[in-house]
Amino acid sequence: MDIVLVHGAGGTPSTWAQVAPLLRAAGHRVHLVTNPMNSLVEDVANTTAVLADCTAPVLLVGHSYGGVVITNVGRDERVAGLVYICAFAPDEGESIQDIIGRYPPAEVSRHMRRGPNGEWASEHSPEYWAEIGWDVPEAERDNFDADSRPSADAIFAQPTGVPAWRDKPSWYLVAAEDKTLRPDTQRDMATRAGATVSEVGGSHFTPRVRPRAVVDLIEQAVASITGAPR
């Protein structure tokens with residue numbers, strides 16, 4: 001099956017470095033998206049363009065902010081389902097800012113910094129890793145600084161369109177110890193979307209530190225869509 005993997009804010013395809021090889025080994029065709037993160041509209045268009053290289057049915061997988069992207073791209077007729085990995089799943093007219101504003105601030109807010117043009121980036125200090133990404137091996141942490149990119153405020157402020165999860169099946173993996181996107185926020189969005197929900201321990205870096213759990217949920221979605229035995 002064709003599977004499109006969409007990274008979160010500040011990320012790159014390296015988000016999926018542990019996941020993509022497992023999916024390819026299982027025989028899936030994996031497409032990695034690199035979004036500019038200048039605006040949600042641009043990222044949706046950029047991800048939709050990737051579908052031209054896919055054979056339907058397509059499964060979209062989004063991590064964190066990537067969930068907002070797939071919520072919109074998923075309206076494309078080639079898309080058969082959506083998988084959210086501790087990701088935002090907004091409703092029509094909602095932005096990320098709207099969602100997080102309804103809950104107490106997540107711990108990551110203490111480590112977010114704004115650039116000269118209003119862009120956002122997290123400060124990967126020792127305190128950040130101890131509080132936010134404690135389960136990321138120390139040997140891998142330098143890679144995050146090399147891969148991280150700032151994200152324009154527009155990706156957090158622009159509202160979503162009609163969500164694909166209204167009409168298409170969705171699956172959601174909750175990171176139960178997430179300090180970036182609150183677990184209660186994740187559970188509420190998953191319930192609203194009518195998603196099939198699984199939970200895993202650990203931080204927001206789920207694709208890197210719990211890749212097998214991510215792949216297991218994706219395979220569950222594939223089996224449901226294709227009718228193939230797991």
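Modeller: A word before the questions: this is a predicted model. We can start with the cysteines.

Biologist: Is Cys-54 buried or exposed?

Modeller: A residue counts as buried under 20% relative accessible area. Cys-54 has a relative accessibility of 12%, so Cys-54 is buried.

Biologist: What is the relative accessibility of Cys-86, and how many disulfides does the structure hold?

Modeller: Cys-86 also counts as buried, because its relative accessibility is 0%. A disulfide needs a pair of cysteine sulfur atoms within 2.5 Å. The number of disulfides in the structure is 0.

Biologist: Which strands pair with β3, and over how many bridges?

Modeller: Strand β3 covers residues 58–63. With strand β1, residues 2–6, β3 pairs in the parallel sense over 5 bridges. With strand β4, residues 79–85, β3 also runs parallel, and the number of bridges is 6.

Biologist: Which residue in β4 is the bridge partner of Leu-59?

Modeller: Leu-59 belongs to β3. Towards β4, the bridge partner of Leu-59 is Gly-81.

Biologist: What covers the buried residues of helix α3?

Modeller: Helix α3, residues 66–73, has 8 of its 8 residues buried. Among them are Val-68, Val-69 and Ile-70. The covering elements include β1, α2, β3, β4 and α4.

Biologist: Which residues does Thr-47 touch, leaving out those up to four places away in sequence?

Modeller: Thr-47 is in helix α2. Thr-47 counts as buried, because its relative accessibility is 0%. The residues it touches are Val-4, Val-6, Val-33, Asn-35, Val-69 and Val-73.

Biologist: Where is Met-37, and what is its phi?

Modeller: Met-37 lies in the loop between β2 and α2. With a relative accessible area of 1%, Met-37 is buried. Although Met-37 is not a glycine, its phi is positive, at about 65 degrees.

Biologist: What is the phi of Ser-64?

Modeller: Ser-64 is in the loop between β3 and α3. Ser-64 is buried, with a relative accessible area of 10%. Its phi is positive in a residue other than glycine, with a value near 55 degrees.

Biologist: Is the peptide bond from Ala-56 to Pro-57 cis or trans?

Modeller: Pro-57 is in the loop between α2 and β3. The omega of the bond from Ala-56 to Pro-57 is near 0 degrees, and the bond is cis.

Biologist: How far apart in space are Asn-38 and Asp-153?

Modeller: Asn-38 lies in the loop between β2 and α2, and is partly exposed at 45% relative accessible area. Leaving aside neighbours within four places in sequence, Asn-38 is in contact with Asp-43, Ala-152, Ala-154 and Ile-155. Asn-38 and Asp-153 are 115 residues apart in sequence, and their C-alpha to C-alpha distance is 7.9 Å.

Biologist: Which residues lie nearest the centre of the largest pocket?

Modeller: About 1000 Å³ of space lies in the largest pocket. Elements giving two or more residues to its lining are α4, β6, α6 and α9. By class, the lining has 20 nonpolar, 17 polar and 5 charged residues. Of the 42 lining residues, those nearest the centre are Ala-9, Val-108, Met-112, Phe-156 and Thr-180.

Methods:
Residues numbered from 1 in each chain as written. Predicted model: local features only at pLDDT ≥ 70, side-chain atom pairs only at ≥ 80, totals over all residues. Heavy atoms only, no water. Buried < 20%, exposed > 50% of the residue type's maximum accessible area, 1.4 Å probe, protein only. 1 Å grid on protein atoms, 1.4 Å probe; cavity = no way out; pocket = protein on both sides within 12 Å on 5 of 7 lines; lining within 4 Å. Points joined across faces, edges and corners; volume = space filled by probe spheres on them. Helix = DSSP H or I, 4+ residues; strand = E, 2+ residues; numbered from the N terminus. Nonpolar A, V, L, I, M, F, W, Y, C, P; charged D, E, K, R; others polar. Contact = heavy atoms within 4.5 Å. Pairing = 2+ DSSP bridges.
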